[in-house]
Amino acid sequence: MFFNLPTLLTWARIVAIPLIVGIFYLPVDAGMRNLIATVLFIVVALTDWLDGYLARRLNMTSKFGAFLDPVADKFLVCAALIILVWLHRADAMVALIIIGREIAISALREWMAEIGARRSVAVHMLGKLKTTVQMVAIPFLLYDGPLLGVIDTRIWGTGLIWAAAVLTIWSMVYYLQKALPDIRANVR
């Protein structure tokens with residue numbers, strides 16, 4: 001299951017990260033760089049849904065795919081946030097909150113798996129909502145211009161990325177609360 005179609009889509013998400021970063025080094029108009037990066041990010045982000053759908057539909061789920069999928073998502077979001085901070089389109093505090101939470105919850109999930117309590121930190125709707133808000137905010141901030149002559153993507157993106165930061169903290173507290181009884185029972 002290392003190289004089935006769903007897993008290849010996940011690998012493609014990881015491979016696309018340097019491409020998205022590299023776009024901002026191209027010697028083309030800033031508006032064109034923003035557009036290319038935004039479209040690429042959206043296409044790559046949609047593969048997250050597609051690989052999961054295909055894995056379930058084609059009965060190609062695997063433990064490796066279940067491991068790699070969230071890693072690819074975290075790499076993609078973290079790389080995009082670093083670019084956005086570098087471009088002065090996102091606050092460093094937002095990036096620290098989101099990246100810090102990803103590290104903390106990944107470590108928590110590893111610990112919970114180690115003590116046989118993985119289910120207590122299973123993905124929750126709050127985490128999915130956080131991810132959705134992030135995945136809408138990031139393209140708005142990458143685009144950084146008027147959309148359809150009406151939508152100021154910087155304003156909307158900034159509001160959404162801060163909302164994602166709030167949801168990030170909220171979901172982290174939720175996961176920690178769910179894990180706390182198992183942690184207390186297993187601390188020596």
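This is a predicted model: local features need pLDDT of at least 70, side-chain atom pairs count only at pLDDT 80 or more; totals for chains, interfaces and linings use all residues.
In which handedness of crossing does α3 pass α4? The crossing of α3 past α4 is left-handed.

**Entry: the α3/α4 pair**

I noted the geometry next. Helix α3 covers residues 63–86 and helix α4 covers residues 92–114; they pack at about 160°, and their axes are 9 Å apart. An angle over 145 degrees counts as roughly antiparallel, so that is how I logged α3 and α4 relative to each other.

Then I listed who makes the contact. From α3 I have Lys74, Val77, Cys78, Leu81, Ile82 and Val85, and from α4 I have Ala92, Ala95, Ile98, Ile99, Glu102 and Ser106. Sorted by type, the contact residues come out as nine nonpolar, one polar and two charged.

**Entry: Lys74 and Glu102**

I checked these two for a salt bridge and found one, at 3.2 Å from N to O. Lys74 sits in helix α3 and Glu102 in helix α4, so I marked the pair as a link between distant parts of the chain, 28 residues apart. Buried or exposed, what is Glu102? I get 6% relative accessibility for Glu102, which counts as buried. Lys74 comes out at 22%, hence partly exposed.

**Entry: Asp144 and its arginines**

I looked up Asp144 and wrote down a salt bridge with Arg89, with 3.5 Å between the closest N and O atoms. Arg89 is buried, at 11% relative accessible area, and Asp144 is partly exposed, at 24%.

Asp144 also forms a salt bridge with Arg154, where the closest N and O atoms are 2.6 Å apart. Arg154 belongs to helix α6 (residues 153–186), so this pair ties the α5–β1 loop to a part ten residues away in sequence. I have Arg154 down as partly exposed, at 32% relative accessibility.

**Entry: salt bridges overall**

How many salt bridges does a search of the whole structure find? My search gave nine. I also jotted down a network of salt bridges linking Arg13, Asp48, Asp51, Asp69 and Asp73.

Notes. Residues are numbered from 1 along each chain as its sequence is written. Side-chain values use heavy atoms; hydrogens and water are left out. Axes are lines fitted to C-alpha atoms, for helices over the stretch in contact, and angles run from 0 to 180 degrees between N-to-C directions. Helices (H or I, at least four residues) and strands (E, at least two) are DSSP runs, numbered from the N terminus. Angles under 35 degrees count as roughly parallel, over 145 as roughly antiparallel, 65 to 115 as roughly perpendicular and the rest as oblique. A crossing is left-handed if the near helix is turned anticlockwise from the far one by less than a right angle, and right-handed if clockwise. Contact means heavy atoms within 4.5 Å. Ala, Val, Leu, Ile, Met, Phe, Trp, Tyr, Cys and Pro count as nonpolar, Asp, Glu, Lys and Arg as charged, and the others, Gly among them, as polar. A salt bridge is a side-chain nitrogen of Lys or Arg within 4 Å of a carboxyl oxygen of Asp or Glu. Buried means under 20% relative accessible area, exposed over 50%, partly exposed in between (1.4 Å probe, protein chains only).
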